[in-house]
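Subject: Structure handover

Hello,

Here is the structure I promised to pass on. Please open it first, then read the notes below.

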Amino acid sequence: MKHFLLMLVIASSTIISAQPNSNSDIKNGSVSGRVIDADLNQPLPYVNIVIKDMAKKIITGGISSDDGTFKIENIPEGKIIVSIQFVGFKTIDRTVTIGKGNYKLELGDIKLEEESMGLDEVTIVADVSTIQQKVDRKVITIGKDLQTAGATASEIMNNLPSVSVDQQTGTLSLRGNENVRVMVDGKLSNIPADQLLKQIPSSSIKSIELITNPSAKYNPEGMSGIINIILHKNTKIGFNGNINFGLAYDIEPKFNSSIDANYRNGKLNFYGSYSNSVTKNVNYGQIDRIDQAIEQNFDILNNNKSHLFKVGVDYYLNDKNTISVFTNQNLFNGWSNVYSSIAYLTNPSLDESQYTRGDNENDSQQYNVNYKHDFNEEGHSIEFEADYNTYSGLTDTGNTFYSSQRPNFLEQTDTDRTNTTLNLDYTNPLSESTKLEFGLQARLFDTSLFYQSDARETNQNGDYIPTTTRFDYVRDIYSAYATYGTKKEKWSYQLGLRAETVNVDSDAFKKDLASNEALTIPFENNYFELYPSAFFTYTTSEKNSYQLSYSRRIDRPGIGQVNPLPEWNTPLISQFGNQELRPQFTNSMEVNYTRQLEKGSITGGVFYRIIEDEIQQAILIDRTDVNRLIMTNLNFDNTTAYGVELSSSYRPTKWWSINASFDLYSQSQKSLAESFDDNQNILLNTVEVDNLAWSARVFNNFKVSKSLSFSAFGMYRGKNQNIQFEMNDMLMVNLGMRYTFMEDRANFSLSYNDIFDTMFAEFDSERPYAQHGQFNWESQQISARLSYRFGGGNYSAKSRKQRDSDVQEGGGMF
C-alpha cells in the first residue's frame, strides 16, 4: 500500500491540528476525481491527495482507492492547493477555489507521468510490496514486507518472480538464464554482481525492475534481460540521512552496515555514503562417481570484507543548468579455505586430498561528471556524462596435496581493468502524446590479466619450466540509438533502433614448452550490428491492458569465458576460458496481459526467444589424465526458449496482503561431452538437453498494528536440467517480523529463513560419468536489522537518467 504511514500521520495529527474550532465553520466543501497512470491509462491506487492552503500548510488529505478514485470532504471555503503525490511519478499541484456555487469540485481524470529522473520524490516506504507491469518491464516496489525478508539485495532476489540466486556462487538468473545484466540506478558496475548484491542493504532499495525486453535506448547486453535496482534517494534539505545495521548467523556470523547523508543549502548539494560487509560463509558438499566408486568431499569457508564509499556534489547553476561530480571507491579483501578429499572405495591406497588457500584483494574507483541543460519546454533536455572506472585485483592461491603424487604449487593472478564511458542524450517531447529520444555513446574497455605459477611442467628436453601467461583484452564499442513513442486513444507504441560497431582485440602470451620461447596467440573480432525494438500497448478499459514487445539483444562473452588462463583447479576438474568464443544473439518476443481487480491486480505473459550461436559449456576429458575433466565454453547452433509467467498482488483484507507468482520455462541446450566406450576409448558426443522447469512463490504480509507486522514466504522450484546435471527440486519457507518506533524514524526487523532446513542443491549426472551430488550452505539463517532515519524537509535534487552505462550512479548507497 503506497504511503499508508504518511496518511496515518495526516489522519492522526495534521488533520486534527488544522481543523476549524467548530463544525459550524466548515462549509462542507469537497474535492473528488480519479488518478490514472498516463502511460498505461490504468487507475493508480493509494496515491496521496494532500489539501493545502495558499501558505502551503496542510489542511487535510486522503488516498485514492483501488479504482483510482478519491473524495476529500470537510474542506473550508477559499483558495486551496490540491497536491497529487505518488513515489516514482511527477507531483501535480492544482489551485482551486471552494466557495459559493462551487462547494463540490470534480477534477475528473488526473494523469500522473513517471518521474524518469527519479529524485524529485518523497522518501516513504510502503508497507506492502507491489508488482506493476509496464510496457517494457515489471516493476516490484519494495515495501517493508520484503525489507524484512532479507538483509541484503542478494537475499530478497529469490522473493521476486522469475528471479533466482545460486546460494553457493551468488550467480543471478532470470527466467532460468544466467545471461542477465545487473544495474544500480540504471548503471552497470565493474564490481562483480554477486559481491555488489551482498553490499546493498534491503532497506536502501526503493524498487527492482525486471526488464526482460529492453528498448533500443539500453545497451543490448544480457540475453534474458536486465535487473535494475532503484535505490531510495535522499531528497531532504539541510543535513539528514539514514543509518542501518544488520547481523545474520547460521554457522558463521555476517555483519553489514551503511550510512548515507547529504547537506543542501542554496545552489550546492553535498552528499556521501559508506557501507561495509563483513561475512563468513560456509559451504560443504559431496560428489560421487558411482561406476568408478569415487567419492569427492568439499568443505569451503569464505571470509570477505568490503567497504564502499561515495562522495559527490550537485551544483545548480540556475533552473536550467546543473553540474554534478561524484566518485565511488570500493575496497575488498577476503580469503577462502577449500578442503577437498577423494576416496577410492575399491582401492583406498589411492586416496588423496587437496587444501587450497586463496587470498583476494581488489579495489575499484569511479569518477563521474554530468552536465544537464533543460530547455523551456518541460521534458525537453540534453545531457552529457563522462565516466572513468578502474578495477585492480590480485589473487594468490596456494595448493597443497596430501597422499598424492602431484607437487604443491602456488598461483597468482593480477587483474587490471579500465572502463571509459561517454554519453550524450537528447529528449524532445514533440507533443503531449509524442516523444523523441536519441543519443550517442562510446564505451572503451581494456583488461589485462597476468597469471604465474610455480607448478612446473616438463619440456621435451626434460627441463622444468614455470608456467607464466598473460592475457590482454580490448573491446571498444561505439553506438547510436533513437526511439520514437506516441499515444493514440487506446493505443500506444514505441519504436527504437540501436546501431553498434564493435572492435575486439585480444592476445594471449605463454611459453612454448617445446622451444622454451614466448608464444603469442592473437584473436580479433570486429562486427557491426543493428538492434531494433518495438513496444505496443492496447488498453481496452480501465481494468484490462495488453502489451506486445520485441527486441534483439546480444550476450558478449565475459572475461572469464574468453580468458585462457585456468579459472580454478581441483584434483579431478579444471576450468578454462575459450579465447575464440563469439557472442550469441537473441531475438525476443513477449505478450503480456494485465487485469486490475477490486483489491489488486494480476499479470500473465508468454515469451519466446530465438538464440543464435548459443554459448554453452563443454565437458572434455583431459588427455594427460583420463580421470580429470576440463570444462570450457563453445559456440553451438541456434536454439529456442519459451515460457509462461503469472504474477499478482492481492489484499484480501486491510491487514493481509499477498504477492504470488508462477513461472514455467523451456529451453533446448546443446553441448559437447566426451565419454568412454566399453574399450575405454574416448568418444566425442553432441549432447542436446530439453529443459522444462517451473517455480512458484507466495509472500504473505500480516499487519497487526500501525507499528508491527509479520511476513511468511514460501518458494518451490521444480526439477531442472542443464548440460551436466539434473537438479532436484527445492523448497524454502521463511518467516519475518518488523517493528517501527520513534515516530516512524526507526525500525527493527527479524527474519528466520529456511525454517524446515529443506534448501539444498541435489543433482545427478550421466555425462561423462554417472554422478550424484549434494551441496549445502547456510540457508537456515537468522537475521536482524536496525534502521534509523534522521533529518527532514524535501527539495528537488539532481536529476539523473535511468539508463545504463558501464558504471553505477545515483544517490544513497551508490
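A nonpolar core is a set of buried Ala, Val, Leu, Ile, Met, Phe, Trp, Tyr and Cys residues joined through side-chain atoms within 4.5 Å. Buried means under 20% relative accessible area, exposed over 50%, and partly exposed in between, with a 1.4 Å probe and protein chains only.

This is a predicted model: local features need pLDDT of at least 70, side-chain atom pairs count only at pLDDT 80 or more, and totals for chains, interfaces and linings use all residues. Residues are numbered from 1 along each chain as its sequence is written, and side-chain values use heavy atoms, leaving out hydrogens and water.

Cores
The largest nonpolar core has 23 residues. Met157, Ile205, Ile208, Ile227 and Ile229 have the most contacts inside it. Several elements each supply at least two of its residues, including helix H3 (153–156), helix H4 (193–197) and strand E13 (205–211). Helices (H or I, at least four residues) and strands (E, at least two) are DSSP runs, numbered from the N terminus. A second, separate core has 21 residues, among them Val31, Phe70, Ile75 and Ile80.

Whole chain
The chain has 814 residues, and 55% of them are buried. Its secondary structure comes to five helices and 44 strands. Take the contacts (heavy atoms within 4.5 Å) between residues at least 6 apart in sequence: 66% join residues at least 24 apart.

An open sheet
Four strands form an open sheet in the order E3-E2-E5-E6, with antiparallel pairing. Two strands pair if DSSP finds at least two bridges between them. Strand E3 (58–63) and strand E6 (92–98) are the edges, each pairing on one side only. Strand E2 (residues 48–52) pairs with E3 over five bridges. There, Val50 stands opposite Gly61.

Arg34
Arg34 lies in strand E1 (residues 29–37). Is Arg34 buried or exposed? It counts as buried because its relative accessibility is 12%. Leaving aside residues up to four places away in sequence, Arg34 touches Asp67, Gly68, Thr69, Phe70, Gly108, Asp109, Ile110 and Glu542. Phe70 also belongs to the second core.

Strand E33
Five of the seven residues of strand E33 (residues 629–635) are buried, so this strand is largely enclosed by the rest of the structure. Strand E29 (residues 573–576) runs parallel to E33, joined by three bridges. Ile573 stands opposite Leu629. Strand E32 (residues 615–621) runs antiparallel to E33, with seven bridges. Leu620 has Ile630 as its bridge partner.

Best wishes
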